[in-house]
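Subject: Structure handover

Hello,

Here is the structure you are taking over. Please open it beside this email and follow along; the notes come after it.

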Amino acid sequence: MSEPGHEPWREAMRAEEQRRRRRPADQRAVLRRITITTAVAAAGLNAALFVQAGLEQIGPGDFQNLIVSTVYGLFPGAGLQPASQAPTPSPGAKAVATTGGS
Amino acid sequence: MTSTNPLWFVDRSAGEVTVLLLTAVLVLGIARAGMPAAYPFVIEGAHRNLALLTVVFGGLHVVAAIFDPYARLGPIDVFVPFASAYRGTWLGLGVISAYLYAAATLTSWPARRLPRSSWVWLHRVMYAGWLIAVIHSLGTGSDVRNAVFLFLNVAAVASALIAFLAIRVAERWTTSPRLWAALAIVSVLVTLGTAIWAAGGPLQPGWARSSGTPANLLKSP
């Protein structure tokens with residue numbers, strides 16, 4: 001005969017109760033994962049569609065220039081310059097005259 | 001004339017992401033209403049969190065539209081329906097959809113603020129709000145003919161229709177078959193009607209002109 005309080009059905013009930021108590025925490029983790037994954041996916045898709053819309057409308061070259069000039073406008077010290085700007089000679093460099101090729 | 005301002009592309013990409021998130025919120029809402037016993041905490045929580053995420057991307061869409069110099073939209077254009085000179089009808093639908101969405105969100109979050117029956121009816125109006133948002137995206141969107149955007153729009157409409165028929169109609173079918181059969185037919189007809197309108201309108205060349213783009217923004221022929 002099993003001791004009172006240690007019957008199999010009591011054990012099963014206790015396990016079920018513990019499982020039920022654990023459920024909200026598990027579900028909270030699932031919900032957090034769903035939310036974070038969706039937020040990251042939405043941000044990534046936004047970036048991808050931004051590029052797609054730009055490439056489709058103004059072409060790869062102009063779109064690259066647009067990105068570079070935007071970064072340059074926002075962070076002038078970042079070292080990026082739009083391709084439309086001619087490179088500036090380093091201080092002290094002698095200008096070299098070039099002629100068109102034959 | 002073509003805009004080369006990054007805000008123009010941010011506006012368009014955020015608008016598309018907003019439509020997709022809105023669709024996900026709608027599908028989760030349908031799942032919550034149609035399968036009340038299935039993971040209520042997760043589905044309701046995801047419905048609420050994604051609804052708030054939709055506000056973030058919708059907000060980005062609106063802010064980018066205001067500050068982008070290409071379409072020259074101002075606060076009045078994005079807050080007063082049909083006031084815009086740029087594709088006024090189609091932009092106005094976006095404004096109406098945003099108001100419906102704001103009403104549904106503000107009466108539900110952080111706590112329900114209406115009697116249950118009014119709240120349920122206001123939430124049901126979001127079926128129309130979602131459809132209006134899709135029509136706004138097709139009518140105003142400059143990327144309707146872009147294959148990626150088109151695929152995403154078709155996927156969004158298909159998933160909303162499938163969720164409605166497979167979850168909501170299937171669950172309520174036994175309670176009043178005539179009503180739900182009628183609603184199923186209406187949903188299919190509305191989807192077909194939207195597809196036929198899109199094929200004959202926004203997907204056709206020359207839509208930019210006929211949708212009400214100001215003459216100074218149209219590309220020279």
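With 16 C-beta neighbours inside 10 Å, Gln27(A) counts as partly exposed; a residue is buried with 20 or more other C-beta atoms within 10 Å of its own, exposed with 12 or fewer, and partly exposed in between, the C-beta atoms being placed from the backbone. Gln27(A) is part of helix α1 of chain A. Leaving out residues up to four places away in sequence, Gln27(A) touches Phe41(B) and Val42(B), where contact requires C-beta atoms, placed from the backbone, within 7 Å.

Before going on, note that this is a predicted model, in which local features need pLDDT of at least 70 and side-chain atom pairs count only at pLDDT 80 or more, while totals for chains, interfaces and linings use all residues. Residues are numbered from 1 along each chain as its sequence is written, and chains are lettered from A and ligands numbered from 1 in the order in which they are written.

The two chains

Chain A has 1 helix and 0 strands; helices (H or I, at least four residues) and strands (E, at least two) are DSSP runs, numbered from the N terminus. Of the 102 residues in chain A, 8% are buried. The contact between the chains takes 22 residues from chain A and 22 residues from chain B. On the side of chain A that touches chain B there are 12 nonpolar, 8 polar and 2 charged residues. Here Ala, Val, Leu, Ile, Met, Phe, Trp, Tyr, Cys and Pro count as nonpolar, Asp, Glu, Lys and Arg as charged, and the others, Gly among them, as polar.

The core

In soluble globular proteins, nonpolar side chains tend to be buried together. The largest nonpolar core in this model has 51 residues; such a core is a set of buried Ala, Val, Leu, Ile, Met, Phe, Trp, Tyr and Cys residues joined through C-beta atoms within 7 Å. Elements giving two or more residues to this core include α1 (8–74) of chain A and α1 (6–34) of chain B. The most comes from α1(B), with 16 residues. Leu28(B) is among the residues with the most contacts inside the core. Apart from neighbours within four places in sequence, Leu28(B) is in contact with Ile43(B), Ala46(B), His47(B) and Leu50(B).

Helix packing

The axes of α1(B) and α2(B) come within 8 Å and cross at roughly 160 degrees; axes are lines fitted to C-alpha atoms, for helices over the stretch in contact, and angles run from 0 to 180 degrees between N-to-C directions. That makes α1(B) roughly antiparallel to α2(B), a term for angles over 145 degrees. Their contact has 20 nonpolar, 7 polar and 3 charged residues.

For α1(B) and α5(B), the angle is about 155 degrees and the axes are 10 Å apart. This pair is therefore roughly antiparallel too. The contact of α1(B) with α5(B) has 7 nonpolar, 5 polar and 1 charged residues.

Two backbone angles

Most residues other than glycine have a negative phi. Tyr39(B), in the loop between α1 and α2 of chain B, has a positive phi near 40 degrees. Tyr39(B) counts as partly exposed, with 15 C-beta neighbours inside 10 Å. Arg87(B) has a positive phi of about 45 degrees and is found in the loop between α3 (75–79) and α4 of chain B. Arg87(B) is buried, because 24 other C-beta atoms lie within 10 Å.

Regards

Notes
Two residues are in contact if their C-beta atoms, placed from the backbone, lie within 7 Å. Angles under 35 degrees count as roughly parallel, over 145 as roughly antiparallel, 65 to 115 as roughly perpendicular and the rest as oblique.
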